[in-house]
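This briefing concerns the structure displayed below. Please keep the sequence and the model in view while reading.

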Amino acid sequence: MIMNKIATTIKNARSVAILPHVSADGDALGSSLALSLILKRLGKETTVYLEEEIPFIYGFLPGAESAEVYYGRARHFDTVIALDTGDMERLGTRDDIFKSAAITINIDHHQTNTMFAFYNHVQTNASSVGEIIYQLIKVMGLDPDKDVSTCLDDYNGTDT
């Protein structure tokens with residue numbers, strides 16, 4: 001099962017970059033921060049790279065300190081995860097982070113996903129990528145704490 005392979009790959013990673021789609025909405029941003037919090041709990045070096053600042057409306061989300069706007073320079077990561085991103089173009093200028101990684105993972109729920117990573121988990125019957133991240137956390141044998149649960153809460157209404 002691909003989810004097990006992804007969980008094992010993440011557990012074996014030393015450093016992980018997380019890339020939500022450009023103009024990240026609540027699902028993309030919350031899921032990215034939740035995953036980053038989980039990875040930090042496992043002792044992983046992790047950064048969420050965004051194309052733009054976190055919108056004020058999402059400023060309450062825990063884990064925001066692990067996110068930064070990408071300005072064309074990032075350290076090297078052995079594993080890069082694209083979240084809620086249907087194709088490489090939706091990564092914007094961060095596609096170079098993705099292309100430089102030894103292992104790439106694509107986790108999404110959109111039918112139009114182009115399966116652009118080494119590991120692709122596209123679950124089109126999921127309501128959000130947050131639902132998939134919750135499943136991944138459980139497959140990893142972990143439980144979400146209050147901060148992770150806050151990030152995964154479906155407060156944002158709709159997904160784009």
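Helices (H or I, at least four residues) and strands (E, at least two) are DSSP runs, numbered from the N terminus. The model is a predicted one. It contains five helices and six strands, and the order of these elements from the N terminus is α-β-α-β-β-β-α-β-β-α-α.

**Overall form**
- The protein has a radius of gyration of 14 Å, which agrees with the value near 15 Å that a compact globule of 160 residues would have.
- The C-alpha trace spans about 35 × 35 × 35 Å along its principal axes.
- Of the 160 residues, 53% count as buried.
- Among contacts with a separation of 6 or more, 68% are made by residues 24 or more positions apart.
- The accessible surface comes to about 7,400 Å², and carbon and sulfur atoms account for 51% of this area.

**Helix H2**
- Helix H2 covers residues 26-41, which makes 16 residues.
- From its first C-alpha to its last, H2 reaches 22 Å, close to the 22 Å expected at 1.5 Å a residue.
- H2 is mostly covered, with 14 of its 16 residues buried.
- Glycine 43 follows H2 and has a positive phi, near 85°.

**Strand E5 and its partners**
- How many of the six residues of strand E5 are buried? Five of them are, so E5 (residues 103-108) is largely enclosed by the rest of the structure.
- With strand E4 (residues 79-83), E5 pairs in the parallel sense over five bridges.
- E5 also pairs in the parallel sense with strand E6 (residues 119-122), here over four bridges.
- Isoleucine 107 of E5 stands opposite leucine 83 and also opposite histidine 121 in E6.

**The loop between E5 and E6**
- Phenylalanine 118 is found in the loop between E5 and E6.
- Is phenylalanine 118 buried or exposed? Its relative accessible area is 59%, and the cut-off for an exposed residue is over 50%, so phenylalanine 118 is exposed.
- A distance of 9.3 Å separates the C-alpha atoms of phenylalanine 118 and alanine 102, which are 16 residues apart along the chain.

Definitions and conventions. Residues numbered from 1 in each chain as written. Predicted model: local features only at pLDDT ≥ 70, side-chain atom pairs only at ≥ 80, totals over all residues. Heavy atoms only, no water. Buried < 20%, exposed > 50% of the residue type's maximum accessible area, 1.4 Å probe, protein only. Pairing = 2+ DSSP bridges. Expected span 1.5 Å × (residues − 1). Rg over C-alpha atoms; globule rule 2.2 N^0.38 Å. Contact = heavy atoms within 4.5 Å. Areas by Shrake-Rupley, 256 points an atom, 1.4 Å probe, with all protein chains shown as cover.
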